[in-house]
Amino acid sequence: MILPLRSTVAVAAALAAAPLAATLGQTTGAAPTIVSAVPATPNERFPLPPGLAPQVAFWKRIYSEVSKDEVLLHDRNRLDVIYEELDVPEARTASAEVRNRNVLEAARTHTSAILRALAAGFDPDTLSDDAERILEAWGPGTPASAFAEAADNVRWQRGLRERFAEGIAYSGRYQTHVEQVFREEGVPLELTHLPFVESMYDVRAYSSVGAAGVWQFMPGTGRLFLRVDSTVDERLDPIRAARAAARLLRQNYESLGTWPLAVTAYNHGPYGMKNAVRTMGTRDIERIVKGYTGRGFGFASRNFYTEFLAALEVRRNFAEHFDDVEPDPALTFEEVRLPAAARTSTLARALALPVEALWDLNPSLTPRARREDRALPAGHVVRLPAGSGARWGAALASLRAEPAPPRPAGGASPGTHYVVRRGDTLSTIASRHDVSLTELRAVNGLGGRSLIRPGQRLKIPR
C-alpha cells in the first residue's frame with residue numbers, strides 16, 4: 001500500500017523555508033518507511049538469498065504499486081529505507097524535466113543535510129520530526145559513521161507501474177514465440193521476462209549509450225549474433241533478438257557457472273563478473289552484490305538480478321497487481337525468404353496488403369529504411385500475415401532485384417526536430433533516429449568538438 005504523497009508545491013515550499021543550518025529543527029513531511037521484505041518464490045536456478053529480499057521487495061513495489069507520477073526518495077544501499085514519497089508528475093517538456101529535477105535535488109539535499117547533522121551528534125529532545133523519523137528508520141544503535149555514509153547515498157526512483165502494465169500487454173504478442181526460441185536454445189524460460197528489466201518491452205527503446213530494442217543490445221554485441229545496419233537492425237525485432245539473448249545468457253552461464261551470475265553478466269558483462277568472482281573468492285550472488293566494489297559495478301549492476309526476480313514475479317502474477325491488464329493476443333504470421341531484393345512497398349502491392357501490416361510484423365526494418373523505402377536484401381526472411389502464403393507464389397513473379405532509391409543531391413535536408421534530454425549524446429541521438437552522425441552534425445552546423453545541452457533543439461535529417 002502506498003502511503004499518502006506530499007504535493008510538489010508543498011515539497012518546494014517546505015524546502016525553501018528550511019535553511020540547511022536548521023535542518024534538525026524543521027519538519028518537512030511524511031516519515032521514511034521500511035519496505036516489507038516479502039520474497040519472491042525462489043527456485044534452484046534463480047534463488048533469492050534472504051539478504052537480498054529487501055531489494056526484491058523494493059523493485060516489486062516500483063513495478064506494481066508506484067505510479068509514474070510518484071517518486072521514492074531512498075537509501076542507495078539499503079533499499080528498505082524510504083525517506084520520503086513525493087508527488088512529482090512525469091515531465092512532458094524539457095523545462096518541466098528541469099523543474100522536476102530541481103525539486104528532487106532539493107529534497108535529496110535536505111535529507112542529506114539531516115543525515116550529516118545526525119552524524120555530527122544530536123540532542124534527542126530537540127530533534128525535528130524529519131530527523132526522528134530518519135533516526136527511527138535506521139534503528140537504535142546506528143553508529144554516526146552510518147549516517148555520514150548514508151548522507152552521500154540518497155537517491156530517488158520514479159515509479160514504473162504504468163510502463164510495466166503496458167509491457168505486460170505488449171509482451172503478449174511475442175511471449176509464446178520467445179519461449180519457443182529459449183526452449184530451442186536450452187535456456188530457462190524464466191529469462192524470457194528479462195526485457196521488463198531492460199526496456200519494459202518497448203520495441204523502439206534506445207538507451208542513452210546506444211542500446212536498442214526490448215533486449216537492449218549494444219551495436220557491437222548485437223553484431224555478434226544479428227544483422228545491424230541502416231536498413232535492417234535485428235536488435236529491434238523481439239523474436240530474432242531473443243535468440244541472440246538466449247545464446248548470450250547461455251554463454252554467460254557456461255562461463256560463470258550459476259544463473260544469478262549469468263543474469264548479472266547480461267548487464268555488467270561476463271569479464272566483469274569473472275573479476276567479481278575472482279576478487280570476492282565466491283560465486284555467491286548475495287556476497288558479490290553486497291561486497292564487490294569493482295569498477296563499473298554500480299547501482300544498476302548491483303540491482304540487476306533482484307530487479308529480474310521482482311519483474312519475474314510481477315509478470316507471472318500480473319492479475320494480482322493489475323486489475324485491468326491483459327496480454328495482447330500472440331502474433332500469427334508466416335515467414336518467407338526473399339529470392340531477390342525487394343522493397344516492402346513492392347511486397348505490399350504484390351500481396352494486396354497495407355505496407356503498415358508488413359512494418360508491424362517486421363520491426364527490424366529501420367525507420368530510415370521505411371522513410372526511404374529501401375529494398376530488403378535477397379535472402380532476408382520476411383514475416384507475412386497469416387494466410388498470405390497462398391498469394392506468395394503469384395507475388396514472386398512481380399519481384400525483381402531493386403536497389404535503394406537514389407539520395408537527393410546536396411546532402412541531407414532538414415526534417416523533424418528533437419529536443420536534447422539529459423544524458424543524450426550526438427551519437428545516441430543519431431542512432432535513435434537512424435541517421436549518420438556526420439549528417440546530424442552537418443545539418444545542425446556542429447563541429448567534431450561541439451557540445452550539446454539539455455533543452456537544445458536539433459534538426460533531424462530526412
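This is a predicted model: local features need pLDDT of at least 70, side-chain atom pairs count only at pLDDT 80 or more; totals for chains, interfaces and linings use all residues.
Q: Where do I start: how many helices and strands does the chain have?
A: Start with the overall inventory. The chain has 21 helices and ten strands. Of its 462 residues, 51% count as buried. The accessible surface comes to about 21,200 Å², and carbon and sulfur atoms hold 52% of that.

Q: What share of contacts joins residues at least 24 apart in sequence?
A: Take the contacts between residues at least 6 apart. Of these, 70% join residues at least 24 apart. Arg161 and Tyr63 give an example of sequence against space: they are 98 residues apart in sequence, yet 4.8 Å apart from C-alpha to C-alpha.

Q: What else does Arg161 touch, leaving aside neighbours within four places in sequence?
A: Its contacts include Ile62, Ser64, Glu65, Val66 and Ser67, as well as Tyr63. His321 and Phe322 are also in contact with Arg161. Arg161 itself lies in helix H6, residues 161-171.

Q: Is Arg161 buried, partly exposed or exposed?
A: Read the relative accessibility against the cut-offs. Buried means under 20%, and exposed means over 50%. Arg161 is at 24%, so Arg161 counts as partly exposed.

Q: Which residues have the most contacts inside the largest nonpolar core?
A: The general idea comes first. In soluble globular proteins, nonpolar side chains tend to be buried together. Here, the largest nonpolar core has 72 residues, and Tyr63, Phe182, Trp215 and Phe308 have the most contacts inside it. A separate core of 21 residues includes Leu73, Ile114, Leu115 and Leu127.

Q: What does Trp215 touch, beyond residues up to four places away in sequence?
A: Among its partners are Val178, Phe182, Leu191, Leu194 and Pro195. Others include Pro238, Ala241, Ala242, Ala245 and Tyr266. Thr192 and Glu198 also touch Trp215.

Q: At what angle do helices H7 and H10 pack?
A: Read the angle, the axis distance and the handedness. H7 (residues 175-185) and H10 (residues 238-256) pack at about 35 degrees, with axes 9 Å apart. Their crossing is right-handed. Then look at the side facing each partner. From H7, residues including Val178, Val181 and Phe182 take part. From H10, Pro238, Ile239 and Ala242 are among the residues they meet.

Q: Which residues of helix H4 are buried?
A: In H4, residues 129-138, they are Asp130, Ala131, Ile134, Ala137 and Trp138.

How values were computed
Residues are numbered from 1 along each chain as its sequence is written. Side-chain values use heavy atoms; hydrogens and water are left out. A nonpolar core is a set of buried Ala, Val, Leu, Ile, Met, Phe, Trp, Tyr and Cys residues joined through side-chain atoms within 4.5 Å. Buried means under 20% relative accessible area, exposed over 50%, partly exposed in between (1.4 Å probe, protein chains only). Contact means heavy atoms within 4.5 Å. Helices (H or I, at least four residues) and strands (E, at least two) are DSSP runs, numbered from the N terminus. Accessible areas come from the Shrake-Rupley method with a 1.4 Å probe; for residues, only the protein chains shown count as cover. Axes are lines fitted to C-alpha atoms, for helices over the stretch in contact, and angles run from 0 to 180 degrees between N-to-C directions. A crossing is left-handed if the near helix is turned anticlockwise from the far one by less than a right angle, and right-handed if clockwise.
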